[in-house]
Amino acid sequence: MATEASGSSPGSQSTKPPRGHTSSMSQSHAYQSVDGYLQPPRAVSNHPARRNTTGSHIRVVRSAPQAGHGHDLDSDIEDDIQMQAEQIRRERKRAKAQKDAEEALTRTTSERRGSFGGKEDDNRVLVGNLIGEDHVNYVLMYNMLTGIRIAVSRCQAKIKRPLTAEDFTGRHKFSFDIIGNELTPSAKYDFKFKDYAPWVFRELREDYFQLDPADYLLSLTAKYILSELGSPGKSGSFFYFSRDYRFIIKTIRHSEHKFLLSILKDYYVHVKDNPHTLLSRFYGLHRVKLPRGRKIHFVIMNNLFPPHKDIHETFDLKGSTVGREYPEEKAQKNPRAVLKDNNWINRDKMLELGPEKRALLTEQLRRDSEFLKRVHVMDYSLLVGIHHVRRGNRDNLRSNTLKVFSPSVPAIRRKNTQHKGARSPEAIAMRRAMRQSDPKRLGSDTLDLPEEDTGDRQHFIFYQDEGGLQATDEANEAMDTLYYLGVIDILTPYSGIKKLEHFWKGLSADRHKISPVPPNEYADRFFAFMKAIMRGGGGGGRFKAE
């Protein structure tokens, strides 16, 4: 390399004026660099010696002395060239060493962590364990996540418009496969997804349930929390919670799916006229179908229980007292048990509400029960979650039995691939990404559930106190209990099977106190029981079967 900077280099030869040339020609050539481009003239011809700032030893071989100012200019140019070349060499060596070190570190980290594939923050979850491909519901969860992400975002991207009658029966269909196309991204599995009445549910979410569209989509399409607790009822449904614990994805039977579509217009009108309704808030209705597999319908709804408060007692109240008791000895061992009507009565519980909140709750329950009577629904219940403020969150009940489903989903691609089939780049990339979602115990990086209310439900009367309804005394002053209330399981019509159940159970028990009774009787009994268990209502003892 020293030869390139020596006096015998082409650059230094070009600065030596031949004999007989004028001094101006010599001056012009002296301003040329080694590549022939002109450099700006120096303000001072006698430039002081440059200081070596790189710490390297530079060997300078100068050409023969030139006449006039040529010698000084030549030396300065050669010095600049030498220093620049040396600096470039040093930078290249440093960059190569850094790259080699980073590659070695990456290989080591991948071997230790199993090459999780995403940013570290992407793998941080609120609570629980990551669920991998060996989980029994992995395929279903993955398909739900992918379908919701595409269907909801497609509808949200369109300009909002007034609803029409056709919107209540409309549906959007999507087909997913391992290759992908212009309309849908590639997916790990072949499946079909259907979005029912998307415009109706969009208006319900935005205008009446006050949900921010971007917040809703982000919450649902991030990591899932899978609850291993079953449904409080006997439906056999299972639940998924959104990562922030605000939304529930619940599988429903085909009959419930059809019934919801049949009453959707009535439900829409009721919510529009009663923004503070206690009925389940349905945010979306969808269906997933695997090849040669059964169709799975599910709804997205609100989670009554908050992410920032432990629920110390849970009751499922119907106003029926036949067969409606959870064994107390089991309840002592299981703090998450869902207790029933007779447990409430035997424990002498009551809703501690002052005159103001008691009147508001009674009126809303009356309106909701009248609506359910009108659409011929029965077997619903009031879900009551109780949080004792003094006890707080020290038991950490929310974190028990929760797991997380968190696949690394590649970015959406809408460009067709040149290679078709299972060996295409998209298919290989998808398989690799999904293999990286193996079960992994989370360490100290696990995020805790929030300890403060997010405030997204404060504009609703019955959710304005820390996401719920705070107990009050007769002077309407706050007490140290929080109630989380909602009417659930509202998709069971009084069908032929329920009529047979009513007849059969009525042979061995009081047919007015069993759970399956006609919708009119059910609504009246439900409303009367809820009034009785409020302060001053006399209690629910008179509803007990003799």
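Does Asp379 count as buried or exposed, and at what relative accessibility? At 14% relative accessibility, Asp379 counts as buried, where buried means under 20% relative accessible area, exposed over 50% and partly exposed in between, with a 1.4 Å probe and protein chains only. The model described here is predicted, so that local features need pLDDT of at least 70 and side-chain atom pairs count only at pLDDT 80 or more, while totals for chains, interfaces and linings use all residues. Residues are numbered from 1 along each chain as its sequence is written, and side-chain values use heavy atoms, with hydrogens and water left out.Asp379 takes part in a salt bridge with Lys318, the closest N and O atoms being 3.0 Å apart; a salt bridge is here a side-chain nitrogen of Lys or Arg within 4 Å of a carboxyl oxygen of Asp or Glu. This pair links distant parts of the chain, with Lys318 in the loop between β9 and α9 (328–333) and Asp379 in the loop between α11 (355–374) and β11 (381–388), 61 residues apart. Helices (H or I, at least four residues) and strands (E, at least two) are DSSP runs, numbered from the N terminus. Lys318, at 11% relative accessibility, likewise counts as buried.

The structure holds 25 salt bridges. One of them joins Asp215 and Arg246, whose closest N and O atoms are 2.7 Å apart. Because Asp215 lies in helix α6 (residues 213–221) and Arg246 in the loop between β5 (238–242) and β6 (247–252), this pair ties together parts that are 31 residues apart in sequence. Asp215 counts as partly exposed at 31% relative accessibility, whereas Arg246 counts as buried at 14%. A further salt bridge is formed by Arg535 and Glu474, with 2.9 Å between the closest N and O atoms. Arg535 lies in the segment after α14 (519–532) and Glu474 in the loop between β13 and β14 (478–488), so the pair ties together parts that are 61 residues apart in sequence.

Strand β3 (residues 191–196) is largely enclosed by the rest of the structure, because 5 of its 6 residues are buried. Strand β2 (residues 171–176) pairs with β3 in the antiparallel sense over 6 bridges, two strands being taken as paired if DSSP finds at least two bridges between them. In this pairing, Phe174 stands opposite Phe193 in β3. β3 also pairs with strand β7 (residues 282–289), again in the antiparallel sense, over 5 bridges, and the bridge partner of Tyr196 in β7 is Leu285.

An open sheet of 5 strands has the order β10-β9-β11-β14-β13, with mixed pairing. β10 (338–339) and β13 (469–472) stand at the edges, each with a single partner strand, so one side of each is left without a neighbour in the sheet. β9 and β10 run parallel and are joined by 2 bridges, with Thr314 opposite Val338 in β10.

Aromatic rings of Phe, Tyr and Trp (its six-membered ring) pair if their centres lie within 6.5 Å, and planes under 30 degrees apart count as stacked, over 60 as edge-to-face and the rest as tilted. By this rule the count comes to 14 aromatic pairs. The rings of Phe193 and Phe298 have their centres 6.2 Å apart and their planes at 55 degrees, so this pair is tilted. Phe193 in strand β3 and Phe298 in strand β8 (residues 295–302) are 105 residues apart, and the pair thus links distant parts of the chain; both residues are buried. Phe315 and Trp344 form an edge-to-face pair, at 4.9 Å centre to centre and 85 degrees between the planes. Here too distant parts of the chain are linked, with Phe315 in strand β9 (residues 313–317) and Trp344 in helix α10 (residues 341–346), 29 residues apart, and both Phe315 and Trp344 are buried. Phe209, Tyr216, Phe247 and Tyr283 form one aromatic cluster.

Charged side chains also sit over rings, as defined by NZ of Lys or CZ of Arg within 6 Å of the ring centre and within 35 degrees of the ring normal. The charged end of Arg161 sits over the ring of Trp199, 4.2 Å from its centre, and Arg281 lies over the face of Phe460, at 4.1 Å from the ring centre.
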